[in-house]
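Please keep the sequence and the model in view while reading.

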Amino acid sequence: MYKIDSYDFKGKRAIIRVDFNVPLDAEGRVTDDTRIRAAIPTIEKVLEGGGSVILMSHLGRPKKNNDTKFSLAQIIPAIEARLGRKVLFAGDAMGDKAAEMARGLKPGEVMLLENLRFHAEEEGKPRGVADDATDEQKAEAKSAVKTSQKEFVKRLASYADCYINDAFGTAHRAHASTALIADYFPHDKMFGYVMENELRAIDSIMENPRRPFCAVLGGSKVSTKISIIEKLMEKVDSIVLGGGMTYTFEAALGGRIGNSICEPEMFPVALEILRKAKQKGVRIVTSPDALIADAFSADAHTSTAPSNDIPDGWEGVDIGEEGKRVFREHILGCKTILWNGPVGVFEIDKFATGSRAVAEAIAEATDKGAYSLIGGGDSVACINKFGLADRVSYVSTGGGALLEYMEGKELPGVAAIRKS
């Protein structure tokens, strides 16, 4: 495995798996180019070294080929604006035009393949199988895709002389462009700067954190956070719990939570988490009060209530003023901070003040010397929404990949590069 800094790109065509799965508005304009900006240093490294670049990515979850709503052609202006040079576009990932364009690339040139997910072979999952298909028919369809996937990967690999995986956000997927293609470049594969930085940041926070180390965990469901909570309890000194999942904990303890989101089937798990935390000496910090609303909408009536005594007909949508104070004081006392998940419904401005308070406290702690890592799509959206991304130590581009790596799982996209 090469390091990108030591590889000789002169005269080489580098195919780079980037994560350009970026949000678009109704007109197809990029509304948040964080992932594009993150990939620029890797692209520039190849170009400055005398090479050329072939970019490949997915965008969204298209159900059919060539759905213009998911075309990567829409993001070319955003790439060119950040890169400062023209980006050639291959109208497909597999067509003759893409192969011809790749063969003719000159040093310093950049081309972009069309959305990889326009091809079922990227994910290795069959499409168009009828709901009433027999098990045998489903198995045949799956086998056919796996067979054609080999040709798909071989074709992609034929475009280039070396392979760079710089898409941490998809590293937990064993897809053609993130895992399988690496086998075609046994001596010419490497991580890009995004991947290198992500792995270094996560390894440092999990293996050698400065203490006290706290994790701020939000999100709506306990069920999606069990593994990461259990893993973090082995590492952190405290866990700040926010978001909708806190009401499952409150209800499990006998609290009254009104119409708040709740997973009754997770009560035993919530109680076991609290028991384990106490046993391990990990402090669990929750908000004593909640901002409550009588409807899940921007024009709802709001009030406040204790987090464990919310009236019927009302639901918790954010932490309250006392919660903001408690969370801020706790965060400011920590030297390492991980934030994954907003503590309220941040998409609605009137329910976002708690998440803003958390973001501001993390930024303030970072200003005073703490190390802070922001990870997970919604947390990243929060930190960007509040204009505080440049005041934290590291903003991860990964969501599921970040959590799985922290849980100790082997990520296919990482393993494929590290495999000798």
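Which residue just after α2 takes a positive phi? G84 does, at about 75°.

## Basis of the model

This is a predicted model, in which local features need pLDDT of at least 70 and side-chain atom pairs count only at pLDDT 80 or more, while totals for chains, interfaces and linings use all residues. Residues are numbered from 1 along each chain as its sequence is written, and side-chain values use heavy atoms, with hydrogens and water left out.

## Overall fold

The protein chain has 15 helices and 17 strands; helices (H or I, at least four residues) and strands (E, at least two) are DSSP runs, numbered from the N terminus. Its radius of gyration is 23 Å, close to the 22 Å of the globule rule for 420 residues, so the chain is as compact as a globular protein of that length. That radius is taken over C-alpha atoms, and the rule is 2.2 Å times the number of residues to the power 0.38. The C-alpha trace spans about 65 × 55 × 40 Å along its principal axes.

Of the 420 residues, 54% are buried (buried is under 20% relative accessible area, exposed over 50%, partly exposed in between, with a 1.4 Å probe and protein chains only). Contact here means heavy atoms within 4.5 Å. Among contacts between residues at least 6 apart in sequence, 74% join residues at least 24 apart.

## Helix α2

I76, A78, I79 and L83 are the buried residues of α2. They lie on the same side of the helix, because they cover an arc of only 165° around the axis; the arc is that of the directions from the helix axis to the C-beta atoms. An α-helix has 3.6 residues a turn, so residues three or four places apart point the same way.

The buried residues of α2 pack against α1 (34–48), β3 (88–89) and β4 (110–112). Exposed P77 and A81 sit on the face turned away from that buried side.

## Nonpolar cores

A nonpolar core is a set of buried Ala, Val, Leu, Ile, Met, Phe, Trp, Tyr and Cys residues joined through side-chain atoms within 4.5 Å. The largest has 68 residues, and I15, I54, L113, L156, Y159, F168 and I181 have the most contacts inside it. Helix α7 (residues 193–207) supplies the largest share of this core, seven residues. Apart from it lies another core of 30 residues, including F20, I40, L47 and I76.

Leaving aside residues up to four places away in sequence, Y159 touches R13, I15, I54, A93, M94, G95, A98, A99, A102 and L113.

## Two buried polar residues

H58 lies in the loop between β2 (52–56) and α2 (76–83). Its relative accessibility is 4%, so H58 counts as buried. The H58 side chain makes polar contacts with the side chains of R17, at 3.2 Å, and N21, at 3.5 Å. A polar contact is a pair of N or O atoms within 3.5 Å; within protein, one must be able to donate a hydrogen and the other to accept it, and residues adjacent in sequence count only if both atoms are side-chain atoms.

S372 is found in strand β16 (residues 371–374) and counts as buried because its relative accessibility is 0%. A polar contact of 2.7 Å joins the side chains of S372 and T366. Not counting residues up to four places away in sequence, S372 touches I337, I362, T366, V392, S393 and Y394.
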